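Work through the following exercises with the model open beside the text. Each one sets a task and is followed by a solution in steps.

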Amino acid sequence: DLEISAKEMASLNESMKRRGEEVLENAQNILKAEGVSSKTILSSAISAADEILGTAEKDKTNLIIIGNRGLGGAASRFLMGSVASKVAAHAPCSVYIVKAT
C-alpha cells in the first residue's frame, strides 16, 4: 500500500507535467528543424489512445506518428503496445508507428 498526501500528489503531478512539456518541446524543435509542421498536446487523460483518436478526429489530422513500445524480450519484434495498436486500428487517418529503441 502506498499512501501519498494531497500536497505530494500535487507536487508529483507538477513534476510530470514539466517533464512532459520538456519532451514535447524537444520533439517540436526536432521536427521544426526538419521543416515539419506539428502540433503537440499535453494531456492527463486516463486513456491515451482515446485522447489521441478523439483529437485526430476533431482536428481532422492527416497523420499520427506514435511510438511502438513492445513487451520486451525476443517477442517484442512481433508485438505492439496497446496504445499504438488501438490507435492504428481505429484512427481516422494514416498512422506511422516508430519502433522504440
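**Exercise 1.** Determine the handedness with which H2 passes H3, and describe how the two helices are placed against each other.

*Solution.* H2 passes H3 in a right-handed crossing, a crossing being right-handed if the near helix is turned clockwise from the far one by less than a right angle, and left-handed if anticlockwise. The model is predicted, so that local features need pLDDT of at least 70 and side-chain atom pairs count only at pLDDT 80 or more, while totals for chains, interfaces and linings use all residues. Residues are numbered from 1 along each chain as its sequence is written, and side-chain values use heavy atoms, with hydrogens and water left out. Next, take the axes, which are lines fitted to C-alpha atoms, for helices over the stretch in contact, with angles running from 0 to 180 degrees between N-to-C directions. The axes of H2 and H3 come within 9 Å and cross at roughly 30°. The two helices are therefore roughly parallel to each other, the class for angles under 35 degrees. Finally, list the residues in contact (heavy atoms within 4.5 Å): H2 contributes Ala-48, Ala-49, Asp-50, Ile-52 and Leu-53, and H3 contributes Val-83, Lys-86, Val-87 and His-90.

**Exercise 2.** Identify the residues of the largest nonpolar core and the elements that supply them.

*Solution.* A nonpolar core is a set of buried Ala, Val, Leu, Ile, Met, Phe, Trp, Tyr and Cys residues joined through side-chain atoms within 4.5 Å, where buried means under 20% relative accessible area, exposed over 50%, and partly exposed in between (1.4 Å probe, protein chains only). The largest such core has nine residues, namely Ala-49, Leu-53, Ala-56, Ile-64, Ile-66, Ala-84, Val-87, Ala-91 and Cys-93. Two or more residues come from each of helix H2 (48-58), strand E1 (63-68) and helix H3 (82-90), and H2 gives the most, with three.

**Exercise 3.** Is Thr-55 buried or exposed, and is Lys-60 buried or exposed?

*Solution.* Thr-55 lies in helix H2 and is buried, with a relative accessible area of 17%. Beyond its neighbours within four places in sequence, Thr-55 is in contact with Ile-41 and Thr-61. Lys-60, in the loop between H2 and E1, is exposed at 68%, and has a positive phi of about 55° although it is not a glycine.

Definitions and conventions: Helix = DSSP H or I, 4+ residues; strand = E, 2+ residues; numbered from the N terminus. Parallel < 35°, antiparallel > 145°, perpendicular 65-115°, else oblique.
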